[in-house]
Amino acid sequence: MATFGNTSKERLITCHNDLQLIMENTIKYMDFSIAYGVRTDKEQQDLYAKGRVLEDGGWRIIGPIVTNCDGIVKKSKHQPINGVSNAVDIVPFSNGSMQWNDDKLWKKLSREVWKSIQMLLLQGKISNEIRWGGFWTSMVDKPHWEIK
Ligand SMILES: [Zn+2]
């Protein structure tokens, strides 16, 4: 059975309790890492700047972008509310490293997370609806799970 490494654990405890329970159940069935829990405003702004340049007071896209939330006008769910992140980013882990490009593993991981969500909802252990970034159309965000 897979277990979380220390870095993943440290990131996961910054997340909403429902997200912690979901991921702790999912790791029993498949190995994956926690890539992000809580983000500071500065970290969110730095991520937004990836693939963009500031020109004449506006942002212009020049390469692959990783978020649509600028961290100021549009906040990310990773930016804490009452000290807690309402989003978590997870990535399949195999052969000693995170597997960003393995479609089969991404599919399996999302299936396992959905199974955990359904089970925990049925058991009454979590109470929030969960949204997956893999269903978004403006920017598909497979690692991303958030409290609705
Ligand atoms: Zn995310």
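I began with the domains: the protein splits into domain 1 (6–39 + 80–147) and domain 2 (42–75), with bounds from an automatic or database domain assignment. Over C-alpha atoms, the centres of domain 1 and domain 2 are 24 Å apart.

I noted that this is a predicted model, where local features need pLDDT of at least 70, side-chain atom pairs count only at pLDDT 80 or more, and totals for chains, interfaces and linings use all residues. Residues are numbered from 1 along each chain as its sequence is written.

Next I looked up helix α2 (residues 17–26); helices are DSSP runs of H or I, at least four residues, and strands runs of E, at least two, numbered from the N terminus. Its buried residues are D18, L19, I22, M23 and T26 (buried: 20 or more other C-beta atoms within 10 Å of the residue's own; exposed: 12 or fewer; partly exposed: in between; C-beta atoms are placed from the backbone). They lie on the same side of α2 because they cover an arc of only 125 degrees around the axis, taken from the directions from the helix axis to the C-beta atoms. They pack against α1 (6–12), β1 (32–36), β4 (87–94), α4 (103–122) and β7 (144–147).

I then checked the largest nonpolar core, which has 21 residues (buried Ala, Val, Leu, Ile, Met, Phe, Trp, Tyr and Cys joined through C-beta atoms within 7 Å). β4 gives the largest share, five residues. V88 is among those with the most contacts inside this core; V88 touches L12, C15, L19, M23, I34, Y36, G37 and W145, not counting residues up to four places away in sequence (contact: C-beta atoms within 7 Å).

Last, I looked at T14, in the loop between α1 and α2. T14 counts as partly exposed because it has 19 C-beta neighbours inside 10 Å.

Terms used. Two residues are in contact if their C-beta atoms, placed from the backbone, lie within 7 Å.
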